[in-house]
Amino acid sequence: NMNQIKLANPISADMSIMRTSILPGLISSISYNKKRQQDRVRFFESGLTFRLVGNEIEQKEQLAAAICGSVYPEQWNQNKKPADFYDLKNDLIAILSQVGDYSDFSFIAKNNQMFHPGQSSQVLLKNNHIGWLGMLHPKIQDTMGLSEVFMFEIAINKSLVGNLPEYKTLSKFPFIRRDLAITVGKKVTFGEVLSIAWDVAPNKVKDIQLFDVYIGENIDSDTKSLALSLILQESSHTLTDEEVDETSALILNALQEKLSAKLRI
């Protein structure tokens, strides 16, 4: 790699190049632990990476994590479920939510030679690339004697600033749930739907959740059905049916305009 920086006096041959990514070190650590009968492994590291840009050394502060094994430690009332792509994605979302508005982040399926071609995602902050998330490529897993290793690495830039929690009084008025079933193209991701919905959602919308995905009979073969629940609440009054209908229509119209979504009756 032309961007690598070689050390003039390395401690050993395998430490002769300054790292361009934190992930190889985490992969080696997982391999070391797996060989010593540690089936459930969780690692993270933050630090600098280095690469040559022209004649200048570019330093980047990165945060990386790698997991393999079961989601939870072994326990009598819990099934032994292996960790998957979405378990680590949820961990990353939890981290990003502490340092920014989650609606500013997006995950776009894209190939990277280090990741499994079907489980690789680019991480974007306001449409700017900040990192990668995915499963370690099968060829690398085979070489290292590993399986089902999931990783992410993101740049810690000035836009990622920790937010202190802010107290808000619980509303004494009930929340209202409104479910919407829409059909969209098969290639449309829930992340795209969520981003567009939050862009137009007023403050009374407290949460938007996906609770069902359907592909099959009664809908076109090139579309899928997504069932969303909108959670609405006001702190000053009980929401009326008219307010709920207006908010639902606002979000649905935006999805129709941007994604050609259709309301499924």
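Modeller: Contact here means heavy atoms within 4.5 Å. The model is a predicted one, in which local features need pLDDT of at least 70 and side-chain atom pairs count only at pLDDT 80 or more, while totals for chains, interfaces and linings use all residues. Residues are numbered from 1 along each chain as its sequence is written, and side-chain values use heavy atoms, with hydrogens and water left out.

With that cut-off, and not counting residues up to four places away in sequence, I251 touches A197, V200, A201, V205 and L230. I251 belongs to the largest nonpolar core, a set of 23 residues in which I182, V193, I251 and L255 touch the most other members. A nonpolar core is a set of buried Ala, Val, Leu, Ile, Met, Phe, Trp, Tyr and Cys residues joined through side-chain atoms within 4.5 Å, where buried means under 20% relative accessible area, exposed over 50% and partly exposed in between, for a 1.4 Å probe and protein chains only. At least two residues of this core come from each of β9 (176-185), α4 (190-200), β10 (205-214), β11 and α5, and α5 gives the most, with six residues; helices (H or I, at least four residues) and strands (E, at least two) are DSSP runs numbered from the N terminus. A second, separate core holds 22 residues, among them L63, L92, L125 and F150. In soluble globular proteins, nonpolar side chains tend to be buried together.

The loop between β11 (223-232) and α5 (241-259) contains Q233, which counts as buried because its relative accessibility is 19%. A polar atom of the Q233 side chain lies 2.7 Å from the backbone oxygen of F173. Leaving aside neighbours within four places in sequence, Q233 is in contact with S171, F173, P174, F175, K204, K206 and L239.

S46, in strand β3 (residues 41-53), is partly exposed, with a relative accessible area of 43%. Beyond residues up to four places away in sequence, S46 touches I22, Q62, L63 and I156, and L63 is one of the residues in the second core.

Technical notes. Polar contact = N/O pair within 3.5 Å; in protein donor to acceptor, adjacent residues only side chain to side chain.
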